[in-house]
Amino acid sequence: LILRAPQASDFEVLAPFVMSERATFVGGGSEKDIGQAWRVLAILSGHWHLRGYGVFVAVPKETGSPIGSLGPWHPEPCPEKELSWTIWDADAEGKAYAFEAMTEIRRHCYGDLGWTTAVSYIDAKNTRSIALALKLGCTIDADANGPHPEDIVYRHPGPSEVLA
């Protein structure tokens, strides 16, 4: 799995995802248009410039085609630094790509970026993301708040557990 910064060519795979019901939990949906999809790519790319880090685009070596965006994320109004994941390509779901990527990205955030904690904000109806959070060892942090009322805050294991 190759992890790299977003690039313009990712739009071919990202746009259909953003304009589909599969994107409901991340601000997309069938009512979104190509302009909204472009703005999503611009936001993903711009986060790198504004924060000095951002989500990576995952590309399986065997296909060479981008399958999703995963990684460190801290836009306003998120109260904490987040580890996020979105699989754009439905055919890539259930193949452990997100688990593989997030395991390495979390190490990167704690080791290289110096994070001391991380959360994932997940809509209560997003059962696939909840399953991944649990597989990654996350626990619900009932004392933390997410940027949206429907979010559940999943706290990731800390650096001492991840980097050991």
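Leaving aside its neighbours within four places in sequence, which residues is Ser 129 in contact with?

Reply: This is a predicted model, and in it Ser 129 is in contact with Trp 85 and Ile 122, once its neighbours within four places in sequence are left aside. Ser 129 itself lies in helix α4, which covers residues 127–135, and with a relative accessible area of 11% it falls under the 20% limit, so it counts as buried.

Strand β3, which comprises residues 68–73, is mostly covered, since six of its six residues are buried. β3 is also joined to strand β2, residues 56–59, by three bridges, and these two strands likewise run antiparallel; here Phe 56 has Leu 70 of β3 as its bridge partner.

As for the setting, the chain has five helices and seven strands, which follow one another along the sequence in the pattern β-α-α-β-β-β-α-β-α-β-β-α. Its radius of gyration is 15 Å, close to the 15 Å that the globule rule gives for 164 residues, so the chain is as compact as a globular protein of that length. Of those 164 residues, 46% count as buried, and among contacts between residues at least 6 apart in sequence, 58% join residues at least 24 apart.

Key: Residues are numbered from 1 along each chain as its sequence is written. This is a predicted model: local features need pLDDT of at least 70, side-chain atom pairs count only at pLDDT 80 or more; totals for chains, interfaces and linings use all residues. Side-chain values use heavy atoms; hydrogens and water are left out. Buried means under 20% relative accessible area, exposed over 50%, partly exposed in between (1.4 Å probe, protein chains only). Helices (H or I, at least four residues) and strands (E, at least two) are DSSP runs, numbered from the N terminus. Two strands pair if DSSP finds at least two bridges between them. Contact means heavy atoms within 4.5 Å. The radius of gyration is taken over C-alpha atoms; the globule rule is 2.2 Å times the number of residues to the power 0.38.
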